[in-house]
Amino acid sequence: MWYEKSYRRHLLDMHIDDWDPAFLSEFSGEEYVKNLKIAKIQSAMIYLQSHVGLCNYPTKTGKMHNAFIGREDTFKELISSCRAEGISVTGYYSLIYNNWAYDNHPEWRIVKAEDVGKAPERGAFRGSRYGLVCPNNPDYLKFTEGQIREMAEYAELDGMFYDMLFWPHMCYCSHCCARYLKETGEELPTVEDWSDEKWLLHMRKRREWMGEFANWVTDLTKALMPGVSVEHNVAFSALPDGKSANAEEVISACDYVGGDLDRGVYGYSFTCKFYRSISKNQPFEHMFTRCAPGLSAHTQIKSPDIMKSAFFLTAAHHGATLLIDAIDPVGTMDERVYRQLGEVFSELIPYEPYYKGEPIEDVGLYYSLKSKFDPHSEGYTNYLGVVKTLETLIEKNILCGITGGFADLYRHKAIVAPCLTSEDDYDTERLVKYVRDGGTLYFSGADNKKMLKEFFGALVEGRTKETVVYVSPKTVVQDEFEYFNEKYPMNFRGTAPIVRGIDEVDVLATLTLPYTARSEERFASIHSDPPGIKTDIPAVAIKKFGKGTVIWSALSIESTDLYDCRNVFVNLLKYASRLDSTLVSDAAEDIEITAFKTESSLLVNAVLMNRRETARRVEDINVSIKTDFVPTSVKILPESEEKVPFSYDGKRVSFSIKGLKIFKMIEIK
Ligand SMILES: [Zn+2]
């Protein structure tokens, strides 16, 4: 397929209204193609319609943008010119977000609970500009089918991209209500309460419905446009919002995975790992804007080094970069942007032949798309735990990746599963088997009672009333707890679960409570809550289970911003897994190293997590990495004569990376 070797992609955001005759009046397909060539783009995502709902092709089902009436072939010619230049084209189409449909078909609108019986107003998401229509409305589906049919007849495309497959808010239109009643026998819940089984069922249904809609769109597209690829925007699946319902069900309808996110360098790393892990085909597509901080700053451009860091983070995961620019309302593009893009992309091109192999990831971070909520309103969630652990492991030079209900657990020596809930019960058997077969599992929190029962035979009695608690280590793990000890135990902000039934020999640490709870008037120390009451309530427990080991922490210590808690977490993970890290390096905390195993080599990528306008230059990084072959050469890529001196001790190859400026790729043969 076209996407297999396409790493430089582009999208020109074009959500432009047509009330002013100047809008898009200066649009030029020739300029568009010229800019794509300057920027060295391999694939273009081209707007056939937008959130405004106006079509850029002649339509009988909807309305064409005024600017193209009288020049109906503009986009057809643009698409064929791109393809003639060897640039593959995916068509862009916005679902659910459709102002034209919203205005012309009020009966299709998404209805908020408080608006039932009233005419709903615009503005569910990001202000009041967006008109939302419901994918459970059969007439909207008929309209969508008509529009896809028209696009199929208008132009020949390589792929289609569908945007906005998520619930911007819950819909209580008559179709949603009737469908829910029919499928569950219940009324749609209106109160968001994640401790209520009825609300959880509601969320499962929202995910199922959105997935069904996505798969319907995919099947229809493939039937009407034979041979095209289909991608849905899955950005929301990489975001913490559990109500969006953009999850595995939507992802299942994608040939490859992509979505637009601009959440900083660690966010980029998380997104790349998640997309790579969940995509049916590679490369995944990492989308972000050329504007800083985002498209809302229309005239602001990321510095070349900031842009390069984002591009090379994608390269370090062997993914495709899709750069988003936004058109000027009159239809022009700023050529200077394309010159900068071309320069930055030119630096990537020599590495592209080496985007191969499978990533080596010692630790898998279990990311749940079902437990996206905070059961105790204390801020500790699976999402936070995964994102923070990723940061920690990058800083500690431990190779890691994203896993979950969607992935093969056996790719990792150890798995970290923060704050799972009963919504993840469906995967408990697989996790238990993984440990039984020799894996190491770290899990935190007590909201997945099934796992506590399976592994430790333990039960949850309740939670402490104290909102500051302490973890007091037993002697056996004193080293792992560093300077924390029984008298000065580790501090944690939040309540703790009270878990009973864990065999005492398995307990590595217990809870210590402050002298008083915050709810009491009396206190020991006026500013703080120092530790005062020792308990036998387990805080950390470990158990050999089958051929593997399970370690549990009552508190999500991996989620905190406190480096000492995170150090203890890493120490405990190493203690449980006896982790023989594939990678040993002294790379600074702001450098990520990734590694890929190919048939005949090991590829090592080092990338600076740069957040500065000008990236710093890094002198020596020492790397020692395990190989399962006897190395004959270590070479800086792309293809050069530059051989790197190395040593080999029968197990590990060791060498230095010198003078890193944002990115280096090293090949060990
Ligand atoms: Zn609805």
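The centres of domain 1 and domain 2, taken over C-alpha atoms, are separated by 38 Å. You're looking at a predicted model here: local features need pLDDT of at least 70, side-chain atom pairs count only at pLDDT 80 or more, and totals for chains, interfaces and linings use all residues. Residues are numbered from 1 along each chain as its sequence is written, and side-chain values use heavy atoms, with hydrogens and water left out.

So where does each domain run? The assignment gives domain 1 as 2-355, domain 2 as 363-577 and domain 3 as 583-668; such bounds come from an automatic or database domain assignment.

**Where domains 1 and 2 meet**

On the domain 1 side, 23 residues are in contact with 19 residues of domain 2 (contact means heavy atoms within 4.5 Å). About 1900 Å² is buried between domain 1 and domain 2, with carbon and sulfur atoms giving 63% of that. Buried area is the accessible area, found with a 1.4 Å probe, that two parts lose on being put together, summed over both. In domain 1, the residues that lose the most area to domain 2 are E248, Y266 and F270, together 32% of what that side buries.

What about charges? The rule finds three salt bridges across the interface of domain 1 and domain 2. A salt bridge here is a side-chain nitrogen of Lys or Arg within 4 Å of a carboxyl oxygen of Asp or Glu. Which helices does domain 1 use on this side? α6 (197-224), α7 (248-251) and α8 (264-278) each supply at least two residues, and the largest share, seven residues, comes from α8. Helices (H or I, at least four residues) and strands (E, at least two) are DSSP runs, numbered from the N terminus.

**Salt bridges elsewhere**

The whole structure holds 49 salt bridges. One of them joins K302 and D262. K302 lies in the loop between β7 (285-289) and α9, while D262 lies in the loop between β6 (258-260) and α8, so this pair ties together parts that are 40 residues apart in sequence. Here are two salt bridges side by side:

| Pair | N to O distance |
|---|---|
| E423 and R204 | 2.8 Å |
| K302 and D262 | 3.0 Å |

**Two open sheets**

Strands of a sheet pair through backbone hydrogen bonds, either parallel or antiparallel. Two strands count as paired if DSSP finds at least two bridges between them.

β25 and β28 (residues 663-668) pair over four bridges, and I636 stands opposite I666 in β28. Axes are lines fitted to C-alpha atoms, for helices over the stretch in contact, and angles run from 0 to 180 degrees between N-to-C directions.

Another open sheet has four strands in the order β21-β24-β27-β26, again antiparallel. β21 (583-585) and β26 (646-648) stand at the edges with a single partner strand each, so one side of each is left without a neighbour in the sheet. The twist averages 20° from one strand to the next. β24 (residues 621-626) and β27 (residues 652-657) pair over six bridges, with V653 in β27 as the bridge partner of I625.
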